[in-house]
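The questions below ask what stands behind the labels given to this model. Each answer sets a value against its definition.

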Amino acid sequence: MVGKKVVAGRTTASTEGEVVVLLIGMRINHFWAVHHWLPVLLAMPRMLRELSRAPERGLLSHVLLTASPRTYYVVQYWESKEKLYAYAHSPEMFHHRAWSIINRKEKAGKARQHVGLWHETYVVPEGSYESIYADMPAFGLASAHGQVPVAARGRYAKERFAHRAGSS
């Protein structure tokens with residue numbers, strides 16, 4: 001987070017309503033099969049650049065992470081599940097082309113378990129999430145929705161879970 005301004009004290013995300021979170025990633029099953037997994041690894045940054053140039057598509061924020069030397073993933077925050085679905089199925093977007101390639105390889109019997117792919121999508125209703133950040137720049141949910149002093153939503157997690165849009 002080099003270059004992001006640290007906000008002193010405790011803050012929370014200024015999220016209103018439901019939250020859409022997509023976890024999407026890959027696992028390198030065979031390191032020696034570089035020609036299989038490298039294109040997959042490079043596809044995600046390309047999709048993220050494509051989405052950053054088209055904010056109307058609905059990606060609010062993302063963070064790239066690694067779980068191990070084999071596993072890489074992205075946490076993405078979306079405006080709505082409808083916008084996420086629209087991006088995933090849009091024929092003019094790179095995601096559609098990438099999945100077409102994967103599906104063709106699978107049908108041709110060329111998918112040899114060299115790279116694993118996964119995603120999980122969560123639609124979290126208001127009242128079912130909370131956040132706190134201490135001396136942090138906007139990160140995660142706060143990066144997607146903005147950040148406010150923790151007092152605006154409640155000092156304790158129980159109070160932040162109970163926060164409802166328009167209740168401040």
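Q: What makes β2 and β4 paired strands?
A: Strands count as paired if DSSP finds at least two bridges between them. Strand β2 (residues 19-28) and strand β4 (residues 71-78) are joined by 8 bridges, so they meet the definition of a pair. The two run antiparallel, and M26 has Y72 in β4 as its bridge partner. Strands here are DSSP runs (E, at least two residues), helices are DSSP runs (H or I, at least four), and both are numbered from the N terminus. The model is predicted, with local features needing pLDDT of at least 70 and side-chain atom pairs pLDDT 80 or more, while totals for chains, interfaces and linings use all residues. Residues are numbered from 1 along each chain as its sequence is written, and side-chain values use heavy atoms, with hydrogens and water left out.

Q: Why is one side of β3 and of β5 left without a neighbour in the sheet?
A: The open sheet of 4 strands has the order β3-β4-β2-β5, with antiparallel pairing. β3 (59-66) and β5 (115-124) are at its edges and have a single partner strand each, so one side of each lacks a neighbour in the sheet. From one strand to the next the twist averages 15°, an angle between N-to-C directions on a scale from 0 to 180 degrees, with axes fitted to C-alpha atoms (for helices, over the stretch in contact).

Q: Which strands does helix α1 lie across?
A: Helix α1 (residues 34-52) lies across β2, β3, β4 and β5, and runs at about 20° to β4. Contact means heavy atoms within 4.5 Å.

Q: What makes β6 and β7 edge strands?
A: The order in the open sheet of 3 strands is β6-β1-β7, with antiparallel pairing. β6 (133-136) and β7 (147-149) each pair on one side only. The twist here averages 55° from one strand to the next. 3 bridges join β1 to β6, and R10 has A134 in β6 as its bridge partner.

Q: What makes a space in this model a cavity?
A: On a 1 Å grid over the protein atoms alone, a cavity is a set of points where a 1.4 Å probe fits but cannot get out.

Q: Which residues lie nearest the centre of the largest cavity?
A: T15, Y129, R153, R160 and H163 do, among 13 lining residues, a lining residue having an atom within 4 Å of a point. The elements giving two or more residues to this lining are β1 (7-13) and α5 (157-162).

Methods:
1 Å grid on protein atoms, 1.4 Å probe; cavity = no way out; pocket = protein on both sides within 12 Å on 5 of 7 lines; lining within 4 Å.
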